[in-house]
Structures are given as structure tokens and as C-alpha cells.
Amino acid sequence: MQKIQNFINGSLVPPEGVAYLNNTNPATGQVYSLIPDSDHRDIELAINAADAAFPVWANTPVAERADILLNFAKLILENLDALAEAESVDNGKPVALAKSVDIPRAADNFKFFAHAIVNFSSEAHPTETRAINYTLRTPLGVVACISPWNLPLYLFTWKIAPALAAGNCVVGKPSEVTPMTAFLLSELAQQAGIPKGVLNIVHGTGPKIGSALTCHEKISAISFTGGTLTGAEIARTAAPLFKKLSLELGGKNPNIIFADCNYDEMLATTLRSSFSNQGQICLCGSRIFIEKSLYSKFKNDFVEAANKLVVGDPQSENSNLGAIVSEAHLHKIQSYIQLAREEGGTILTGGNRVNLDGQCKDGWFMEPTVIDGLPPSCRTNQEEIFGPVVTLIPFENEKEVLKQANSTKYGLSATIWTENLTRAHRMANKIQAGIIWVNCWMLRDLRTPFGGTKSSGVGREGGLEALRFFTEPKNVCVKL
Ligand code: NDP
């Protein structure tokens, strides 16, 4: 059975404790590889390697750093099929999705930050004729990049690319649930020509190595994407140590549909924003608000469209939905469907586990599920489920829907469907979220700030925001 290894100081190495965890294929329920159950000793080795590499990497010309990032992008694209296949097996997502979204985006992340860093500049402030101020932006040192399981390589590279571009050395911790593509990336790192110690990838559990990483004195910044509770724990650890912190956390995103929308486009996109990646995208619109006059038409058409989605073997190009990432997560989703029933909701379609035949007979599959009849304030409509489950909520007018959309503790993203531009701008201004889509969803421009408000996070990633996060500004004032 394949044994994943840590990537420390330029070499693939076993964990110091020589202990391994099972890595399961969610579509078959079978263990198919072993992952290091690393501990604080492996973290210590990785941080020391990164610390030793930092002075040279920080002073490596920007163009050389950019070239290495471009090598990563090229190697990822050359290995697109193998990486997509690995992502699909590890995570359960349809291989077609991994091929068209996850892996190309991982390459784009490297390409984007390779170009961004050569165009990055800092400010100058002339103080009349008395002085000139200029701001130096220097890399931070050794930074931690911790990523979740839903978009494994996509989100891991979204962190490490800007960190490396800005001249930092990285200790990365991918999710223990989906380690495979990060491992394959460490093999590519050797070919990309990244100097020893500049990028280190340590595998293992959050409580063991995630926390060893976040409390380490040599870590100067933490970029974390994951659940809100984990984010709160990391913030508690990092705040008294004065580490820079970027937290991208959970969401309960409203998808607001007005009767004057472009109906066909809205319906097709809403199907995607509800069920892509089995609903396991932080940006999925899990609360669908529909203007009353459109409610029954939308309900019928949406349920009919959801019924046509194929839940199947992720390896099949015909599957619209693959497997849920783990048995534990499947149980969590099922418990929320039970809760929705107890709260008085009506399951319009779905609600059940799907049992497939053949190699997927023991896999963890779930029907796309649509629920209505629940008030916006109930737990089902307030808590993040992170699965193929959406609720439908009718609304009377703009004021009412705005209040309901803003009623959760989250504030990651929102979608607005209307042909009335004035209303779209008005709503966009008032919705409490870091990312608003008008008449679209997941249309991404990597230059834009990305992140959430309230319990959805602190700080922004993307474009210059990421390069600013991964650098320390220092003002120099020169008297004229
Ligand atoms: P978790 O918070 O469980 O885990 C995220 C990462 O943190 C994993 O690598 C995990 O390790 C690690 N971790 C766990 N505990 C600690 C700790 N004490 N210290 C340091 N690291 C730790 O999230 P999930 O992996 O379950 O991901 C799903 C969540 O991510 C959802 O809430 C989703 O909304 C959110 N998310 C947010 C996005 C955004 O941009 N805002 C984007 C994508 C997802 P391990 O798993 O190995 O134990």
C-alpha cells in the first residue's frame, strides 16, 4: 500500500515516530494509502529547515522566485490528469470537476502569484517639502499554511503560492482527510527547483501537528482555511503570541432570487451553487430565498432538476455528485436532515444516503436534498451543514429578505438574482458578506479580495491582499 511521506528540507521522509494513519477512498470506503501521523518532532524539523532556508530565499531576486512558481504551474498542468484522478479518489469529488476546476486552479494560483510578485510595489508619501516617507515590505519569515479537505490542492496552493512569492519559507499542513495531492505536489517541488527547506509539507492531525505549528515561536504568520470552531481555537493560541493571522472560515450563504431574474440562467446556476462538490464548497448557497410570486414555479423546477442529478462513482464522467468526504461527515449531514424533520421541515426531495453497486457499494453517497417549510431562525437555517442540502425560504420584499439573509452569525458570500440593477447595488451594499455575486456564482478573478465577515473569518486573501498579508510593512521617513 502506498505510504505518503512528509516533505522536509527538500526530501521525502517518514515521520519521526514511524506512525501512520489510514487514508480512505470515500467512494469505496476502503483504506488505500497510509499517511504520516506526524508529531511535534516533525514540525520542529520542518520549522528549523524553513528557518535555515529563509535568509537566502528572502534575498533571492523576485524574478527567480517567480520562475520557480511558474515551474510549479507548468508541472501541475503537465500532470493534470494524474492529479485530478488522485484528488477524486482522495476526496470523492467527480473526476471531471477535479479536471476542470481544482487542478487548473492550483496551476493558476502559482501562475497568478508569480506574475503578481514581479508587479508588487509599496507606497511612498512625500510630506510637503519636509520629508519623504517610503514603505518597505519585507517577508515575514517562516509561515504556517493550514488547509481543509473540500478543495485540497486548490486551497493549499492558494496559500503557499503567495507566501513563497513574497519570500517566506513555508510549513504547510494539508487536511489529514485529503493528503494525496499535497504529497504529489511535494514530488513536483523537487522538479520545480525550489531550494531545500523553502517549502515543507507535514502530514498528520490538526490537534497534534496543527496546534504544534500554530503555537511555535518561530512561526510568524498563520494562514488558515477551515471550520469556524478550529479558527477560534487557532486565534486563541496565536493572539497572545502576536502572530499575523488570516482566517477563512465557514458560511451559511444566502442565495436571493427576485421574480425579475433571468430565470433559466438562475436555475442552472442555482443547481451548481447548491450541489457542486456535493455542496462541500464554503461558497455554496445553502439558504435559497425566493420572492413569493416565483416560489411555487421555482420549487417545482428546482426539485425536478435536482432529481435529474446523477449521484455516482466519482471516476465516471457521468456523475454530477460524487462521494461525501468521510463517513463522519456523512453522519453529520444526516443528523442535520433529521434535525430539519424535527424542526418541522418538509423534505421535497432527497434526504437519504445513496447505496451504489460495484466498487462503490461501501462508499458514502448522499442524495441532493431540498427542504422547505422552515423559518429562517431555526438551527437548520442558521448552522453550516456543508453538504448537498439546501433550504427554500419564500420572501415578500427586499427589506424582509435582507434581514433574513443577515440573520446568521456567518458572513462569507451571497448571491443576488435580479435584472433590476439599482436593487442589486442596494442589496450588495447592505448584505453582510465579504463576497457578493450578482447574477452569477463562483466567477472568480484572482485579483479580488477574498474572505468573510463575522464568524466567516478575519482578513482577506487574493491579489495584493495576500501579498500584503505575507509581508511586513516598515515605514522609512527621510528628512529632506
Ligand atoms: P477543520 O477546521 O476541521 O480543519 C481545517 C484544517 O485545520 C485541517 O488541516 C485540520 O487538520 C486543521 N486543524 C484541526 N484542528 C486544528 C488545530 N487545533 N490547530 C491547527 N490546525 C487544526 O475544517 P475542515 O477540514 O472540516 O473543512 C471544512 C470547513 O472549512 C468548513 O467549515 C468550510 O466552510 C470551511 N472552509 C472555508 C473556506 C473559506 O474560504 N472561508 C473555504 C473552504 C472551506 P485535520 O483535518 O488533519 O485534523
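The model described here is predicted. Helix α14 spans residues 421-430, and its buried residues are Arg423, Ala424 and Met427. Viewed down the helix axis, these buried residues fall within an arc of 100 degrees, so they line one face of α14. An α-helix has 3.6 residues a turn, so residues three or four places apart point the same way. The other side of α14 carries exposed residues: Leu421, Thr422, His425 and Asn429. At the start of the helix, a side-chain oxygen of Asn420 comes to within 3.1 Å of the backbone nitrogen of Thr422.

The crossing of α2 past α6 is right-handed. On the α2 side, the contact is made by Ile68, Asn71, Phe72, Leu75 and Ile76. Helix α6 contributes Leu185, Leu188, Ala189, Gln191 and Ala192.

Backbone angles were also examined. Most residues other than glycine have a negative phi. Asn277 is not a glycine, yet its phi is positive, at about 55 degrees. Asn277 sits in the loop between α9 (263-275) and β14 (285-291). Asn277 is buried, with a relative accessible area of 1%. Phe386 also has a positive phi, near 65 degrees. Its loop runs between α12 (379-382) and β19 (389-395). The relative accessible area of Phe386 is 15%; buried means under 20%, so Phe386 counts as buried.

Notes
Residues are numbered from 1 along each chain as its sequence is written. This is a predicted model: local features need pLDDT of at least 70, side-chain atom pairs count only at pLDDT 80 or more; totals for chains, interfaces and linings use all residues. Side-chain values use heavy atoms; hydrogens and water are left out. Buried means under 20% relative accessible area, exposed over 50%, partly exposed in between (1.4 Å probe, protein chains only). Helices (H or I, at least four residues) and strands (E, at least two) are DSSP runs, numbered from the N terminus. The arc is that of the directions from the helix axis to the C-beta atoms. A polar contact is a pair of N or O atoms within 3.5 Å; within protein, one must be able to donate a hydrogen and the other to accept it, and residues adjacent in sequence count only if both atoms are side-chain atoms. A crossing is left-handed if the near helix is turned anticlockwise from the far one by less than a right angle, and right-handed if clockwise. Contact means heavy atoms within 4.5 Å.
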